[in-house]
Amino acid sequence: QVQLVESGGGLVQPGGSLRLSCVASGFNFNVYYVGWYRQAPGKEREGVSCISGTSINTYYQDSVKGRFTIYRDNEEKTVYLEMSRLKPEDTAVYYCGAVRPLYGSRCLRDKRAVDYWGQGIQVTVSS
């Protein structure tokens with residue numbers, strides 16, 4: 001069965017760093033875009049960052065540019081989100097999602113393009 005499993009979340013102080021991991025199985029991971037999405041209480045789920053299967057294309061939401069980095073290891077079937085200089089407004093449940101290549105260009109702006117979702121993991125940025 002298809003699985004996307006996130007790990008690495010938790011509580012961190014403002015200005016701190018955290019690395020999220022998403023381990024995939026059960027589908028052709030290497031040709032899929034993978035994105036990170038987040039949902040804060042009372043808000044819509046939004047795209048944070050996504051990456052193409054070959055890592056040639058990456059996308060970032062403006063609010064995280066220069067602070068977050070997405071990368072992947074196709075041998076390990078894992079996508080990472082390195083988060084630095086974290087802010088309280090980064091607090092959310094973070095989800096990884098897989099997008100077929102045909103719709104890869106929509107990965108950031110259209111969460112409906114996601115074929116498979118992980119279960120989500122909490123990131124809390126607070127003093």
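**Charges**

I began with the charged side chains: the protein carries 15 positive and 12 negative ones, and the centres of the two sets are 5 Å apart. Lys and Arg were taken as positive and Asp and Glu as negative, with His and the chain ends not counted. Each charge was placed at NZ of Lys, CZ of Arg, CG of Asp or CD of Glu.

**Basis of the entries**

The model is predicted, so that local features need pLDDT of at least 70 and side-chain atom pairs count only at pLDDT 80 or more, whereas totals for chains, interfaces and linings use all residues. Residues are numbered from 1 along each chain as its sequence is written, and side-chain values use heavy atoms, with hydrogens and water left out.

**Fold and dimensions**

I looked up the secondary structure and found eleven strands and zero helices. Strands here are DSSP runs (E, at least two residues) and helices are runs of H or I of at least four residues, numbered from the N terminus.

I then checked the dimensions. The C-alpha trace spans about 40 × 25 × 25 Å along the principal axes.

Of the contacts (heavy atoms within 4.5 Å) with a separation of 6 or more, 59% join residues 24 or more positions apart.

**Surface and cores**

The accessible surface comes to about 6,500 Å², and 46% of this belongs to carbon and sulfur atoms. Areas come from the Shrake-Rupley method with a 1.4 Å probe; for residues, only the protein chains shown count as cover. Buried residues form 45% of the 127, where buried means under 20% relative accessible area, exposed over 50%, and partly exposed in between.

I next searched for nonpolar cores, defined as sets of buried Ala, Val, Leu, Ile, Met, Phe, Trp, Tyr and Cys residues joined through side-chain atoms within 4.5 Å. The largest has 29 residues, and L20, W36, F68, L81, M83 and Y94 have the most contacts inside it. At least two residues of this core come from each of β3 (18–25), β4 (33–39), β5 (46–51), β7 (68–73), β8 (78–83), β9 (92–99) and β11 (121–125). Another core lies apart from it, with seven residues, including Y33, C50, A113 and V114.

**Positive phi**

Most residues other than glycine have a negative phi. I noted K77, whose phi is near 55°. K77 sits in the loop between β7 and β8 and counts as partly exposed because its relative accessibility is 33%. R85, also not a glycine, has a positive phi of about 45° and lies in the loop between β8 and β9.

Key: Buried < 20%, exposed > 50% of the residue type's maximum accessible area, 1.4 Å probe, protein only.
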